[in-house]
Amino acid sequence: MLTRRLNMKKQNIETICVQGGYNPGNGQPRQLPIVQSTTYRYDTSADMGKLFDLESDGYMYSRLANPTCDMVAKKIAALEGGTAAMLTSSGQAANFFAIFNIASCKDHIVASSTIYGGTFNLFSVTMQRMGIEFTFVNPDCTEEELNAAFKPNTKAVFGETIANPALTVLDIEKFAKAAHDHGVPLIIDNTFATPVNCRPFEWGADIVTHSTTKYMEGHAATIGGCIVDSGKFDWAKYPDKFPGLCTPDESYHGVTYTERFGLEGAFITKAVAQLMRDFGATPSPQSAFLLSLGLESLPIRMERHCSNAMKMAEFLESNDKVSWVNYPDLESNKYHELAKKYLPNGSCGVISFGIKGGRKKAEEFMGHLTLASIETHVADSRTCCLHPASSTHRQMTDIQLAEAGVAEDLIRLSVGLENIDDLIEDVKNALNQI
Ligand SMILES: *Cc1c(COP(=O)(O)O)cnc(C)c1O
């Protein structure tokens with residue numbers, strides 16, 4: 001059940017998106033079967049006992065693992081070029097598990113300050129209450145400033161490839177080097193870029209997380225998350241830092257994860273065995289199926305999201321009612337060089353911009369849109385927009401907003417898959433009315 005060692009064939013991403021994770025045998029269903037069962041039948045108690053001792057592969061209870069979910073996790077592991085992966089019921093659960101799997105009370109984490117509002121709250125409020133301390137650093141900080149954020153009890157570094165909604169592009173190599181110099185892994189939330197546009201493991205990241213709710217599923221049909229392990233971080237080199245991975249787990253029959261499952265399987269096996277068991281943030285097989293269906297078209301959707309967003313960004317930049325436009329693929333953008341390096345095929349479909357007249361005009365503009373709807377969502381087939389300062393980020397102080405890269409007048413526009421001429425017409429009409 002718990003070993004997710006994968007056969008890494010070198011296939012291209014489009015092929016993995018369509019065919020990865022599930023290889024039907026003779027006469028078996030061509031499409032991924034939805035195994036709608038909470039439990040699994042065994043002939044003898046001894047057979048079942050081996051599963052509980054993590055001695056044999058197999059399923060016992062769908063809170064821990066389910067074949068449909070595992071096959072989709074395997075597809076995503078292959079997309080990211082990792083060795084093991086698990087699905088979670090949301091992106092929030094993925095980021096929580098990724099950190100809580102290696103950090104406990106009295107530990108410390110270094111995180112980029114420009115991260116998703118929900119993640120910022122998880123870290124700075126809820127996990128802080130669990131006794132885990134966070135230091136937030138400006139992603140554009142110097143190496144010295146970054147190194148200065150580490151403490152003897154630091155257990156990981158966290159950042160987003162393209163931050164939601166600040167759209168800062170993380171210098172992954174800089175963050176990976178600092179993390180590794182301090183003997184800890186770099187965890188990258190790769191939600192906005194997706195493995196189609198960036199594969200953080202190729203730049204030194206050790207763990208990748210996703211809110212699959214966004215582009216991966218892509219149709220605003222189901223919430224989900226994923227954690228992928230590169231299998232490269234050598235936990236066993238730092239047994240004092242990572243006792244949970246390197247010493248026997250008394251809550252799991254004395255198994256030592258690094259010894260039993262190797263570097264390629266230890267992290268995910270521990271996360272399933274302990275965190276799924278105890279917190280139960282399990283996706284349903286139905287949701288995993290929808291995610292898999294979305295993944296089939298991910299590469300062609302990303303291409304269209306990016307080309308639509310580029311045309312929209314250029315239109316906005318040329319309009320005199322717009323005060324500023326932030327899109328990493330624009331040459332004028334502060335992150336253009338980093339985007340060219342890490343995201344050579346395009347960044348994502350999300351743009352942020354401000355309208356002359358600030359908050360009031362921004363709200364007025366949004367009210368005049370007809371195709372683009374106002375939603376707390378991004379990164380699906382339908383174009384939508386949001387004013388973060390009055391919605392997703394409204395709990396933040398002005399200083400926190402500035403640190404998160406969210407201006408008070410910022411409008412986040414998630415450009416969908418509609419015809420771009422229709423979308424530009426819609427935005428043009430709304431701008432003409434203010
Ligand atoms: C949406 C999002 C999350 C949270 O994911 P949910 O699926 O909504 O729980 C985490 N990180 C990023 C970058 C996101 O955009």
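Residues are numbered from 1 along each chain as its sequence is written, and side-chain values use heavy atoms, without hydrogens or water. In this predicted model, local features need pLDDT of at least 70 and side-chain atom pairs pLDDT 80 or more, while totals for chains, interfaces and linings use all residues.

The protein chain has an average pLDDT (the predictor's confidence in each residue, from 0 to 100) of 94. A score of at least 70 is reached by 98% of the residues. Over residues 1-8, pLDDT stays under 50.

Two cavities of 30 Å³ or more are present. A cavity is a set of points, on a 1 Å grid over the protein atoms alone, where a 1.4 Å probe fits but cannot get out; lining residues have an atom within 4 Å of a point. Points are joined across faces, edges and corners, and volume is the space filled by probe spheres set on them.

The largest cavity holds about 100 Å³. Its lining comprises 13 residues, with Leu64, Ala65, Cys69, Asp70 and Leu87 nearest the centre. Helix 3 (67-80), strand 1 (84-88) and helix 10 (257-279) each contribute at least two lining residues. Helices (H or I, at least four residues) and strands (E, at least two) are DSSP runs, numbered from the N terminus.

The second largest cavity has a volume of about 60 Å³. Among its lining residues are Leu87, Thr88, Thr212, Pro283 and Leu291. Strand 1 and helix 11 (285-296) each supply at least two. Helix 11 gives the most, with three residues.

Terms used: Contact means heavy atoms within 4.5 Å. On a 1 Å grid over the protein atoms alone, a cavity is a set of points where a 1.4 Å probe fits but cannot get out, and a pocket is an open set with protein on both sides within 12 Å along at least five of seven lines; lining residues have an atom within 4 Å of a point.
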